[in-house]
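Okay, thanks for coming, everyone.

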Amino acid sequence: MNHIEWKTDEAIESNLIKTNLLFGKLPDKKATRDASFQKELLTHIFTGDITCKNDALNYFKRTRPNMPIDEGRISRALSILVNKKFISLDQDGKILITENTKKEAEAEASRIHQQFERLISDLFGTVKDICKIRFKSDGIVKRNIKDCIDYYYETSGYAFFGIDNKLEIEKLPRVEEIAGKDIGDKRVTEAILYAIGMMLDKPSQEQKDTMETLAKTFVTSQIIGIDPQLSNFKQSVIGSKAFVLDTDFVLYALVQKGRYSKQYRTLIKQLVSCGCKLYVPEEVITEVYNHAAAASKRYAFVSEIISNTDEDWVVPQLLNIFLEDYYFSKKDNKSLTWSTYLYNFYNSKHGLSYTRDVLKHEIGEKVSFDNFLYDKVDVVQKEQLFEKVLEATKNTPKAKFRDPVQNESIARTDTLFYLTVKQMNEEENKRNGDKLNKNVLLSNKYYVLTNSTRVYHCACSMELGAKVLCSPAALIAYMIESGVMDKNSVDILSLFNNPFLSCNYSAIALHLNPRLKYTAKRPIKRQNKVSIFLAYVRYFLYLYTYERASCGHIKSTARYDSRDKVDA
């Protein structure tokens, strides 16, 4: 793996893996806020860069000039490492790794290395089964698989922690280029992407354990690079923060079986227990209502495929969190009807008041539904930013499934939340004498809890950039690393995106004959895994055309011509 902060030093990276594995074996359910600092210290003791207290002091002065890390803090961290029996100190103050720690670290590192090599071999075997050809070089294919996994962690790092790294993301090679380097056969490239995508989607227990270990190490490396002290993650400090919950976050927290539902519900409970203020504005309630209304209309187009048991084929076609949640709920309760399910969230007669009551019941009474956001921002500035955000919103994959009014509404909401929360922080910081420490995480009081960053990048282009957006995944990672949340409460890997499947859909769709249609209820033969994928793409193209026609976007009978340009 080549992580963002650690990519230039493999020794640091491999020893950080050892350190994380050792800390992971400790019986404590929760980490402590200083755990990241202790991990960084132990990692450099493993590498030999730190052999005594003075080495540690010089290292942190050199690498953390803006952070107050004094001799006392280093002494306390060393004492904790001694108490954990990771190290010992001789009479001259020299730091020694204990023999038991050496043995355990090497054993754990060997175990995870062997697991990783088996994972690569499994993926290589899948690629071979799909392609059914002799490769010019097995080594090149395996190398590209490993490089794609590096890419997976690196791009996830930008999604988690890299809100300012848009240019770096744009400079990264496309994953198809990484998978296809020195190969020259597009089938092999696509098979590599597909094999990794399927493994990430449904890993074996050992594969999950391997990827989770690497994910935790990656998260630790990022936090060490950003803010190893996590000073704003004391219980007393984080309790003073306020979070505006964005629509996507609320939708996942509202349902039971969405991809992030469990994680987001856990986060809400933890933030409330810390004393944080959580707000769901009226605009979000409206968007949740509209999302349920859209599900009600879309059900007619997908009702047939919901009866299919192959979720790899079905779920990507649903394109709505309520439909996805119903699909998985129906698996557990065969007699559950769509009307009964949807009534739990949506009632067209009672409108927004019904949706508000549902949200209060599901998300919790301690979440505020008062409209505390006040719109006092500069009107001209707001309109200029709105135009940029609207253009960016139109360019998202989901935009083509919305009407123009919905895209405008989403862009206006994003603009309002961003500028209002930005102004509230500016006023709060002015009252506090502008003592904001920008070198630490979560330094402001108010944040929008969201996965969308397009409004931030649009604002930066107008010199209005401000750190007011907070990624739920990053916040969970910080809270676990600092000990605010139980380290076993959420699998870190479950917070990572899977870029490989969406890439596959786009790459292969252009090569298909879109006239082929699959009957929704027909079982898909599993001659190989790719057949399911191909079936998905073909049906998706048909469904997408049919739905656009039904919405009045195209007046002719739903069909594709072989010359049509497909944007899948």
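Ground rules to begin with. This is a predicted model, so-called local features need pLDDT of at least 70, side-chain atom pairs count only at pLDDT 80 or more, and totals for chains, interfaces and linings use all residues. Residues are numbered from 1 along each chain as its sequence is written, and side-chain values use heavy atoms, with hydrogens and water left out.

Of its 568 residues, 52% count as buried, where buried is under 20% relative accessible area, exposed is over 50% and partly exposed is in between, using a 1.4 Å probe and protein chains only. If you take contacts (heavy atoms within 4.5 Å) with a separation of 6 or more, 72% of them come from residues 24 or more positions apart.

Now the sheet. In what order do the four strands of the open sheet sit? It's E4-E3-E5-E6, with parallel pairing; two strands pair if DSSP finds at least two bridges between them. E4 (277-279) and E6 (469-470) are at the edges with a single partner strand each, so one side of each has no neighbour in the sheet. Helix H20, residues 404-431, packs on the sheet and touches E3 (242-245), E5 and E6. Its direction makes about 160° with that of E5; axes are lines fitted to C-alpha atoms, for helices over the stretch in contact, and angles run from 0 to 180 degrees between N-to-C directions.

Look at E5 itself, residues 446-449. Four bridges join E3 to E5, and Phe243 stands opposite Tyr447. On the E6 side there are two bridges: Val448 partners Leu469, and Leu449 partners Cys470. Both faces of E5 are covered, with Tyr446 and Val448 buried on one side and Tyr447 and Leu449 buried on the other.

Phe243 comes back in the core. A nonpolar core here is a set of buried Ala, Val, Leu, Ile, Met, Phe, Trp, Tyr and Cys residues joined through side-chain atoms within 4.5 Å. The largest has 128 residues, and Phe243 and Phe322 touch the most other members.

Next to the loop. Asn320 lies between helix H15 (311-318) and helix H16 (321-332). Is Asn320 buried or exposed? Its relative accessibility is 6%, so Asn320 counts as buried. The Asn320 side chain reaches the backbone nitrogen of Phe322 at 2.9 Å. Polar contacts here are N or O pairs within 3.5 Å; within protein, one atom must be able to donate a hydrogen and the other to accept it, and residues adjacent in sequence count only if both atoms are side-chain atoms. Asn320 also touches His291, Ala294 and Ala295, not counting residues up to four places away in sequence.

Last one, helix H2, residues 35-47. H2 reaches 18 Å from first C-alpha to last, close to the 18 Å expected, which is 1.5 Å times one less than the number of residues. Since 12 of its 13 residues are buried, H2 is largely enclosed by the rest of the structure. The buried ones include Phe37, Lys39, Glu40 and His44. After H2 comes Gly48, with a positive phi near 90°.
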